[in-house]
Amino acid sequence: MFNSSLQQLGSALRAGQISSVELTQLYLDRIAALNPALNAYITTDAGTSLAQARAADTMLANGTAQALTGIPIAQKDIFCAKGWRTTCGSKMLENFVSPYDAHVIGQFNNAGAVNLGKTNMDEFAMGSSNETSYFGTVKNPWDQSRVPGGSSGGAAAAVAARLCAAATGTDTGGSIRQPAALCGISGLKPTYGVVSRYGMIAFASSLDQAGPMARSAEDLAMLLNAMAGFDERDSTSLQRDKEDYARDLSKPLDGLRIGLPKEFFAEGLGNDVAQTVEAAIAEYKKLGASVVEISLPNSKLSVPVYYVLAPAEASSNLSRFDGVRYGYRAPEYTDLADMYEKSRAQGFGAEVKRRIMIGTYVLSHGYYDAYYLQAQKIRRLIAQDFTEAFKQCDVIMGPTAPSTAFKLGEKGDDPVQMYLSDIYTIAVNLAGLPGMSIPCGFGANDMPVGLQIIGNYFDEARMLNAAHQYQLATDWHSRAPQGL
Amino acid sequence: MTWEIVIGLEVHTQLSTSSKIFSGAATAYGAEPNTQADAVSIALPGVLPVLNKGAVERAIKFGLAIGAHIAPRSVFARKNYFYPDLPKGYQISQFDLPVVGQGALTIQVEPLSGSGKPYEKTVRITRAHLEEDAGKSIHGDFHGMTGIDLNRAGTPLLEIVSEPDMCSAAEAVAYAKALHSLVRWIGICDGNMQEGSFRCDVNVSVRRPGAPLGTRREIKNLNSFKFMQQAIDFEVQWQIDTLENGGKIQQATILFNPDTGETRAMRSKEDAHDYRYFPDPDLLPLDITPAILEQVRATLPELPQVRRERYIGDYALTAYDANNLTASREMADFFDSCLNEIGTPNAKLCSNWLTGEVTAQLNRDGLDITQCPVTPQQLSGMLARIVDNTISNSGAKEVFRTLWAEGGKADAIIEAKGLKQVSDSGAIEALVDEIIAANADKVAEYRSGKDKLFGFFVGLAMKASKGKANPAQLNEILLQKLAG
Amino acid sequence: MSPTIFLANADVRKVAILARLSMDEAGIEAARSQLSGIFTLIEEMQAVDTRGIAPMSHAQDVSQRLRADTVTETNQRELFQSIAPKYQGSPQIEAGLYLVPQVIE
């Protein structure tokens with residue numbers, strides 16, 4: 001059951017082979033057994049989950065069930081869910097019970113899915129290892145001495161450890177793709193604007209995008225069908241016709257042109273990752289695809305550009321956490337300024353404060369042009385690189401991360417080394433393009449390696465097609481960590 | 001040696017929309033605290049702004065009314081600072097790309113100190129931009145704490161910034177009044193100054209003639225024209241005294257205390273501000289197409305300046321009368337409605353009545369023209385009887401008092417009260433003949449040169465006619481008959 | 001102007017005040033050293049000639065959508081204030097107002 005696809009689970013539920021309550025309880029039991037070690041979830045609420053499961057069973061019984069009805073989904077703790085504690089991985093929101101539902105949560109509720117719990121994450125999604133969470137680090141299910149990646153590390157670990165049927169994540173600079181790669185699962189960051197950001201606690205508004213995390217491309221397509229769509233509450237949500245992201249899954253790959261950016265296979269990439277990704281490309285050739293070398297000359301600047309723009313937006317987005325209307329308020333203070341400073345200094349962790357400081361600095365008087373404006377200009381150059389590249393190819397492929405999962409604490413005191421682990425994923429966010437990661441083998445220490453697939457704007461169906469065809473031909477995606 | 005005064009105004013007008021600028025919360029004044037503070041107004045994590053069309057249309061309307069350039073693309077920016085009535089920790093405003101560019105407003109200045117004649121002046125308006133209002137801090141008795149009401153947070157504002165073109169309190173007040181009249185005239189703001197719908201910040205500096213601009217101090221949040229005049233007078237004198245005593249003016253934000261008539265600097269430190277403006281990533285550029293512009297233009301009423309010139313040019317009214325009639329759109333519309341009934345040749349008569357008797361009666365009863373108990377139809381009905389000599393001026397006043405107090409129609413009142421004047425020249429001649437015959441001695445005195453006695457005869461004749469004789473006719477006949 | 005990548009403690013202190021983060025001297029020194037490292041990375045941007053390039057604020061070149069001017073929200077004060085922070089055990093709400101230490105104008 002824990003290895004069934006969403007399609008299979010849906011069929012079993014609709015056929016009455018298992019009820020949603022039974023299925024949900026199976027997962028809750030597994031979480032109770034394994035989560036203490038993995039720490040993938042911050043909050044579970046069996047009562048609420050089972051109540052949703054019972055409602056789903058009613059829908060299943062009376063024939064109003066949809067594709068995801070009754071299926072237990074883990075929600076990243078960045079999504080506000082009414083009545084659920086929503087922490088964003090921070091002490092600041094340790095006791096914040098959301099009074100409303102995020103669009104994504106509403107979409108899953110409407111589909112009759114069961115909210116299985118809120119997954120652990122880097123604090124305010126700022127991190128690449130899940131080590132910045134106030135609620136403790138998440139362990140990689142393949143090797144519990146290693147990080148799961150971040151910021152959607154709890155979601156990735158939960159999917160890999162079969163602690164949910166599927167999960168949601170968010171991706172600002174790689175936060176879906178990088179943990180997906182490090183935990184050996186599939187994850188998709190859609191084109192910016194495809195999934196509403198309403199109710200998703202903002203990190204960097206112009207880069208944040210929610211997406212699905214699952215065990216296969218087929219599952220991702222099904223989840224994206226539920227998550228995507230226009231939402232009038234988000235000004236950046238795009239008004240487009242509803243599409244079926246699974247429509248092209250079974251198309252053959254003959255004639256698919258794959259672009260390989262030479263910059264992604266240069267210095268800094270681990271040999272084990274390089275070899276694994278190259279083997280995956282060879283498999284694609286067997287499936288009928290052709291390969292062309294492309295160049296993304298400005299992509300090397302994506303890390304500095306990102307570490308100006310994302311902190312700038314974050315420094316402003318996180319100003320609302322002031323201890324006045326909700327969230328953490330310092331237990332002692334002398335006056336208003338002291339209340340602000342202490343509440344924020346005590347409520348935010350070190351990495352969040354670091355990024356607020358960077359962001360405040362680059363926006364401050366006298367530095368705006370040299371940092372913020374310059375970064376926005378280079379952002380355009382980076383986006384233009386992709387536009388040029390897509391004249392030569394249909395999809396771009398390369399590694400998701402430069403190495404497999406590193407050891408807990410290994411990069412803890414060197415933020416720059418940590419930031420560089422997102423070097424292949426960030427440019428995609430800056431351009432607003434869709435990107436995904438699928439498992440393509442194992443590197444050193446038998447840790448999973450992710451293949452990144454980058455598509456042109458709104459090309460999610462084609463990317464899912466490429467991923468699914470690969471997953472039909474290989475079985476990396478169905479490997480599970482042993483010994484849990 | 002003399003001083004020159006330099007004044008510029010920043011006026012915050014609350015736009016008269018039903019809902020807030022970035023959310024669907026109500027904007028009604030006077031609601032219970034925080035009952036109109038929705039999720040966006042209290043800045044819950046994850047909520048997002050969506051721009052109100054009504055606010056944009058009103059801004060465009062204003063731009064068109066002052067002949068300004070309407071930006072085809074304008075941008076919303078975040079102005080970052082911490083304050084408890086600013087829940088997001090930033091105000092969404094427009095910074096380097098405002099929706100309304102440079103325009104101008106022609107004002108009629110009446111010198112306040114009695115000296116000098118009224119004159120016309122054109123004040124340049126630098127820009128007008130859309131932004132959100134903040135909440136209110138209430139310094140009541142809350143155990144030494146301040147209470148925060150966020151009902152007002154997110155109310156749409158149009159901030160209208162003038163050039164420093166005014167050089168006296170009289171000019172500043174005239175400009176503020178003209179602006180106040182205009183925003184109400186075009187229906188974008190209710191103009192209620194007590195409720196804070198129209199708030200003025202006044203920048204004041206002084207200099208020696210020909211010298212560069214002096215350092216300015218900004219008087220914040222003036223909400224009455226009287227206070228504005230008092231504050232400017234006090235501030236100008238303070239600055240002159242300071243400079244003449246060898247002091248220097250420091251740039252400062254100051255408050256006016258209506259109880260003492262004095263200004264004082266605010267305690268918050270101006271130099272600590274660094275607003276870190278940057279484009280709001282949650283809002284896309286505001287594009288105003290020619291089609292939208294034309295749509296709004298079609299809803300724009302004839303502007304006060306145009307109507308004023310029409311009254312002077314077409315109806316030969318004095319500038320003074322035309323100003324009074326165009327003080328509000330309701331007054332001007334009332335006037336036009338009257339003219340529709342009785343025809344434009346009677347514009348002067350109609351104007352005299354509106355600016356005279358009608359205005360006086362409104363003032364006595366504390367009403368404005370929209371609450372006038374006498375309709376344009378009723379008033380015109382009465383004026384028509386003046387025109388056709390049915391009633392005298394004094395008879396008309398009595399008709400008007402009755403219309404005001406009891407309603408009805410002029411003709412019926414004239415009939416019921418027997419106010420119809422005698423215009424039958426035969427009847428008047430007979431009456432005059434009788435008087436001449438009965439007062440032979442006085443007639444002789446008159447004929448021998450004592451012109452002053454004419455009034456005596458008029459009085460006798462009027463008395464004899466019980467006040468109903470047409471005065472003009474009576475005069476004519478008397479002159480004729482007395483001449484012998 | 002090319003900004004210096006070497007931050008002084010005074011810069012860090014100023015930024016901490018702007019960001020309303022209380023920080024002691026040891027914290028400021030630690031932050032200065034880490035931020036200097038990050039700004040060395042960021043500094044790579046300065047080598048790029050971006051003359052004539054328009055800054056990119058959004059991933060898509062789309063115009064702002066406008067919502068109709070209608071009231072859609074109802075009073076949810078009770079729910080929203082149920083999550084207000086507490087101070088020494090009591091919620092900082094009175095007469096429907098959020099309470100903060102006195103604001104001095």
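**Domains, contacts and a sheet**

Me: How far apart do the C-alpha centres of domain 1 of chain B and domain 2 of chain B lie?
Reply: They are 36 Å apart. Domain bounds here come from an automatic or database domain assignment. Before we go on: this is a predicted model, where local features need pLDDT of at least 70 and side-chain atom pairs count only at pLDDT 80 or more, while totals for chains, interfaces and linings use all residues. Residues are numbered from 1 along each chain as its sequence is written, with chains lettered from A and ligands numbered from 1 in the order in which they are written.

Me: What does the domain assignment of chain B give?
Reply: Domain 1 takes 9–206 + 266–292, domain 2 takes 304–417, and domain 3 takes 425–483.

Me: How many residues of domain 1 of chain B are in contact with domain 2 of chain B?
Reply: Two residues are in contact if their C-beta atoms, placed from the backbone, lie within 7 Å. Here, 6 residues of domain 1 of chain B meet 6 residues of domain 2 of chain B. On the domain 1 side, strand E6 (103–109) and helix H2 (169–185) of chain B each supply at least two residues. H2(B) has the largest share, with 4 residues. Those labels are DSSP runs numbered from the N terminus: helices are H or I with at least four residues, strands are E with at least two.

Me: Which strands make the open sheet of chain B, and in what order?
Reply: Two strands pair if DSSP finds at least two bridges between them. In chain B, 8 strands line up as E6-E7-E10-E1-E11-E12-E13-E14, with mixed pairing. E6 and strand E14 (262–265) of chain B stand at the edges with a single partner strand each, so one side of each has no neighbour in the sheet. From one strand to the next, the twist averages 30°. Angles run from 0 to 180 degrees between N-to-C directions, with axes fitted to C-alpha atoms, for helices over the stretch in contact.

Me: What does H2(B) touch when it packs on the sheet?
Reply: Its partners are strand E1 (4–14), E6, strand E7 (119–132), strand E10 (156–162) and strand E11 (198–207) of chain B. Its direction makes about 115° with that of E6(B).

Me: How do strand E12 and strand E13 of chain B run, and how many bridges join them?
Reply: E12 (residues 217–222) and E13 (residues 252–257) of chain B run parallel, joined by 3 bridges. Ile219(B) stands opposite Ile254(B) in E13(B).

Me: How many residues of chain A are in contact with chain C?
Reply: 57 residues of chain A touch 44 residues of chain C. On the chain A side, H12(A) gives the most, with 12 residues.
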